[in-house]
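Me: Hi! I have a structure open and would like to talk it through with you. Can we take it piece by piece?

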Amino acid sequence: PSLSQLHASRRVFEIFKANDIDTPAIHHYKTDAGDSNNLALELGTKVGSLLTDGNGDGILIEQVGETNFSVDFLRNTAFSLLQGCRMRNTKTEFVSCPSCGRTLFDLQETTAKIQDATGHLPGVTVAVMGCIVNGPGEMADADFGYVGTLPGKVDLYYGKEVVRKSIPNDDAVDALVELIKSYDMWKDKEEVEEEVEEAVAA
């Protein structure tokens with residue numbers, strides 16, 4: 001039986017390792033996917049699994065056929081894959097609980113607002129937790145935490161420590177931004193975009 005692309009790639013990297021070949025390897029992935037979700041699924045299964053195991057150093061996405069994703073979209077998708085594989089950090093990492101009956105705010109809407117306000121901060125991890133029951137445990141590795149504690153109220157964490165309590169929901173996202181700034185982990189979006197452009201050009 002013929003080998004899949006994934007298994008064939010693994011064999012190539014086994015040969016590299018057996019022969020002490022440490023030349024950087026970039027995955028050249030050709031796709032005719034017309035849907036962004038399908039593209040993400042393809043990349044995750046066919047390239048992400050290799051990168052996660054240390055097989056490869058980057059990715060080049062080439063569109064074939066009638067696909068017409070923008071260059072910016074492909075670049076952001078590639079960076080997102082590298083971040084998911086813990087290879088390169090170009091934006092904020094988010095941790096969120098799955099939501100349950102104890103959730104004290106609209107988790108999806110609130111997470112979207114937080115991502116919009118803070119999603120451009122490389123090296124920063126923000127946890128969004130719907131309640132106090134599992135929140136502190138699930139967000140143990142996050143830099144900042146946004147946790148529902150009472151109906152209409154949120155506590156903010158720095159690491160595992162509560163630093164602001166009972167903030168009204170309507171003010172909590174702005175308060176989170178101010179908290180990140182107070183720990184010198186904030187950058188303006190324009191500054192981050194310039195740094196990314198310089199990294200791409202280098």
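Me: What share of the residues in the protein chain is buried?
Reply: Buried residues make up 36% of the 202 residues in the protein chain. Buried here means under 20% relative accessible area, exposed means over 50%, and partly exposed is in between, with a 1.4 Å probe and protein chains only. Keep in mind that this is a predicted model, where local features need pLDDT of at least 70 and side-chain atom pairs count only at pLDDT 80 or more, while totals for chains, interfaces and linings use all residues. Residues are numbered from 1 along each chain as its sequence is written, and side-chain values use heavy atoms, with hydrogens and water left out.

Me: OK, and how many helices and strands does the protein chain come to?
Reply: There are 7 helices and 7 strands. Both are DSSP runs numbered from the N terminus: helices are H or I with at least four residues, strands are E with at least two. From the N terminus on, the order is α-β-α-β-α-β-α-β-α-β-β-β-α-α. The C-alpha trace spans about 60 × 40 × 40 Å along its principal axes.

Me: Let's zoom in on helix 3. Which of its residues are buried?
Reply: Those are L74, T77, A78, F79, L81, L82 and Q83.

Me: And how does the span of helix 3 compare with what it should be?
Reply: The two agree: at 1.5 Å a residue, its 14 residues should span 20 Å, and the end C-alpha atoms are 20 Å apart. The expected span is 1.5 Å times one less than the number of residues.

Me: Switching to charges. How many salt bridges does a search of the whole structure find?
Reply: The search finds 5. A salt bridge means a side-chain nitrogen of Lys or Arg within 4 Å of a carboxyl oxygen of Asp or Glu.

Me: Which residue does R75 meet in a salt bridge?
Reply: R75 meets D72, at 3.5 Å from N to O. They sit 3 residues apart in helix 3 (residues 71–84), so about one helical turn separates them. R75 is partly exposed at 22% relative accessible area, and D72 is partly exposed at 45%.

Me: What about K113, which residue is its partner?
Reply: K113 pairs with E109, and their closest N and O atoms are 3.4 Å apart. These two are 4 residues apart in helix 4 (residues 107–118), so they are separated by about one helical turn. Both count as partly exposed, K113 at 46% and E109 at 42%.

Me: And R86, where is that one?
Reply: R86 lies in the loop between helix 3 and strand 3 (93–96). Its side chain meets E93 in a salt bridge, 3.5 Å from N to O. R86 is exposed at 63% relative accessible area, whereas E93 is partly exposed at 21%.

Me: What is the phi of R86?
Reply: Phi of R86 is near 60°, a positive value in a residue other than glycine. Most residues other than glycine have a negative phi. D20 also has a positive phi, near 55°. You'll find D20 in the loop between helix 1 (5–18) and strand 1 (26–31), and it is exposed at 70% relative accessible area.

Me: Now the surface. Which residues form the negative patch?
Reply: D188, E190, E191, E193, E194 and E198 form it. Asp and Glu count as negative and Lys and Arg as positive, with His and the chain ends not counted. Patch residues have over 30% relative accessible area and no salt bridge; like charges are joined within 9 Å, and nonpolar side chains (Val, Leu, Ile, Met, Phe, Trp, Tyr) within 5 Å. The place of a charge is NZ of Lys, CZ of Arg, CG of Asp or CD of Glu.

Me: Which residues form the nonpolar patch?
Reply: Y158, V163 and Y183 do, with about 220 Å² of accessible area together. Such areas come from the Shrake-Rupley method with a 1.4 Å probe, and for residues only the protein chains shown count as cover. Y183 lies in the loop between helix 6 (169–182) and helix 7 and is partly exposed at 31%.

Me: Last one: is I26 buried or exposed?
Reply: I26 is exposed, at 53% relative accessible area, and lies in strand 1. I26 and N55 are 29 residues apart in sequence and 9.4 Å apart in space, C-alpha to C-alpha.
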